[in-house]
Amino acid sequence: MGYKRKKGDGDDEEMDGEDRGRPSFNGSEKRNVILPSMIKNKDKRAKVYAKQKHEKKIEKQKKIKARDAAEKRALELGEEPPQKMIPNTIENTREADETMCRPDDEELFADIDADEFNPVLRQEITPKVLITTCRFNSTRGPAFISELLSVIPNSTYHKRGTYDLKKIVEYAKKKDFTSLIVVHTNRREPDALLIIGLPNGPTAHFKLSNLVLRKDIKNHGNPTSHEPELILKNFSTRLGNRVGRFFQSLFPQEPNFRGRRVVTFHNQRDFIFFRHHRYIFEAKETKTKGKDGEKVKARLQECGPRFTLKLVTLQHGTFDPRGGEFEWVHKPEMDTSRRRFFL
């Protein structure tokens, strides 16, 4: 039921019972509630968006300052500081995996001691890598292989020609190579890597994407011939640990830190990001209390190449597409959840 206000209240319009619960805005509040998408003019829309973004930034800075002040006050009073809020991400809310590596997993360490990479990683054998291509030529393939040769020590390139891959594997075994890398191309562009551990496997097939060569990286550096330091990150499951050890077996286990070279394999959501950097130490003059001093600042300079790998298959033994036994195969039905990762 509706009711009528008295004339002295300022208006005579009827108000229905449903309207009483709705928020009422005056003219100034209506003007403040403006979304950029409601503005048709592009310049005005950009200005409103920039203003709202700046206001959000200032508000965020105020919250950070208030939190820091509360922490400082709590420490002065000997109290526990307020708990920090940790945002939920896809990584820290990933689905539980029974194969996650644990420090007390004796079965994992037993498998590591008996795997194919153990002689190289214990420095009983020096890694020696043979790099070749598929039978089809590519535009950026030779440049990519040239940069791989500069990244991986003790690596050699042999032209594929018309040789079958199994014959190349047998040749590499006779020449005491520890790994074989085949750069596959499609439409004259590198699109996959096949890495074969020698002499007994395993064989890993990776999809290659987002390739950026050294010459296309802005302000890139030129690597030296020193053996690089290797960084492996986020290979947390048993499969990830095995893949990480596979990459590790390509590089000597005694990095030469004087060369300041760093090779990184960073796994994030089962995409493996490859980066190659070198440390640079810059000396800058500083003035402290009227005295001239020198401050050394360290930074990273990318040397390239830059690319992303995605594991497709992991096979027991050397390359055998027909009769080989696969340890792991990626299938489309595995991608039903955004929070399920395998490495």
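Reader: I'd like to begin with one residue. Where is the place of Pro199?

Author: Pro199 sits in the loop between β4 and β5. Keep in mind that this is a predicted model.

Reader: Is the peptide bond from Leu198 to Pro199 cis or trans?

Author: For a peptide bond, look at omega. From Leu198 to Pro199, omega is near 5° and the bond is cis. You can find another cis bond between Gly304 and Pro305, where omega is about 0°. Pro305 belongs to the loop between β9 (291-302) and β10.

Reader: Back to β4 and β5, please. How many bridges join the two strands, and do they run parallel or antiparallel?

Author: Strand β4 covers residues 189-197 and strand β5 covers residues 203-212; five bridges join the two, and they run antiparallel. Across the pair, Ile196 faces Thr203 of β5. The two strands form a hairpin with five residues between them, and there Gly201 has a positive phi near 90°.

Reader: Which other strand does β5 pair with?

Author: That would be β10, residues 306-315, which pairs with β5 in the antiparallel sense over eight bridges. Follow Thr203 again: its bridge partner in β10 is Gln315.

Reader: You mentioned a positive phi for a glycine. Which residues other than glycine have one?

Author: Asn154 is one, with phi near 55°, and Arg269 is another, with phi of about 55°. Asn154 lies in the loop between α5 and β2 (155-157), while Arg269 lies in the loop between β7 (261-268) and β8 (271-288).

Reader: Why does Asn154 count as partly exposed?

Author: Compare its relative accessible area with two cut-offs: under 20% is buried, and over 50% is exposed. Asn154 has 39%, so it is partly exposed. Arg269 is treated likewise, because its value is 36%.

Reader: And Thr132: buried or exposed?

Author: Thr132 counts as buried because its relative accessibility is 2%. You will find Thr132 in strand β1, residues 129-133. Leaving out residues up to four places away in sequence, Thr132 touches Tyr157, His158, Lys159, Arg160, Leu180, Ile181, Val182 and Val183.

Reader: What should I know about buried nonpolar side chains in general?

Author: In soluble globular proteins, nonpolar side chains tend to be buried together. Here, the largest nonpolar core has 37 residues, and those with the most contacts inside it are Phe144, Phe206, Val243, Phe247 and Ile272. A second, separate core has 11 residues, including Leu165, Ile168, Leu194 and Ile196.

Reader: Which residues are in contact with Phe206?

Author: Setting aside neighbours within four places in sequence, the contacts of Phe206 include Leu193, Ile195, Val243, Phe247, Ile272 and Leu311. Asp191 and Lys310 are in contact with Phe206 too.

Reader: How can I see where empty space is left?

Author: Rolling a probe the size of a water molecule over the atoms shows it. In this structure, the search finds two cavities of 30 Å³ or more. The largest cavity holds about 100 Å³ of space. Leu148, Ile152, Leu250, Phe265 and Phe307 are the closest to its centre, out of 13 lining residues.

Reader: Is the lining of the largest cavity nonpolar or charged?

Author: Its lining has 13 nonpolar, no polar and no charged residues. At least two lining residues come from each of α5 (141-151), β4 and β10. The second largest cavity has about 30 Å³ of space, and its lining divides into four nonpolar, one polar and two charged residues. Among the residues lining the second largest cavity are Asp270, Lys310, Trp328 and His330.

Reader: Last one: what is the volume of the largest pocket?

Author: The largest pocket has a volume of about 470 Å³. Of its 22 lining residues, Leu165, Val182, His184, Leu194 and Phe319 are the closest to the centre. Strand β4 gives the most to this lining, with four residues. By class, the lining of the largest pocket has 10 nonpolar, five polar and seven charged residues.

Conventions
Residues numbered from 1 in each chain as written. Predicted model: local features only at pLDDT ≥ 70, side-chain atom pairs only at ≥ 80, totals over all residues. Heavy atoms only, no water. Core = buried A, V, L, I, M, F, W, Y, C linked by side-chain atoms within 4.5 Å. Buried < 20%, exposed > 50% of the residue type's maximum accessible area, 1.4 Å probe, protein only. Contact = heavy atoms within 4.5 Å. Pairing = 2+ DSSP bridges. 1 Å grid on protein atoms, 1.4 Å probe; cavity = no way out; pocket = protein on both sides within 12 Å on 5 of 7 lines; lining within 4 Å. Points joined across faces, edges and corners; volume = space filled by probe spheres on them. Nonpolar A, V, L, I, M, F, W, Y, C, P; charged D, E, K, R; others polar.
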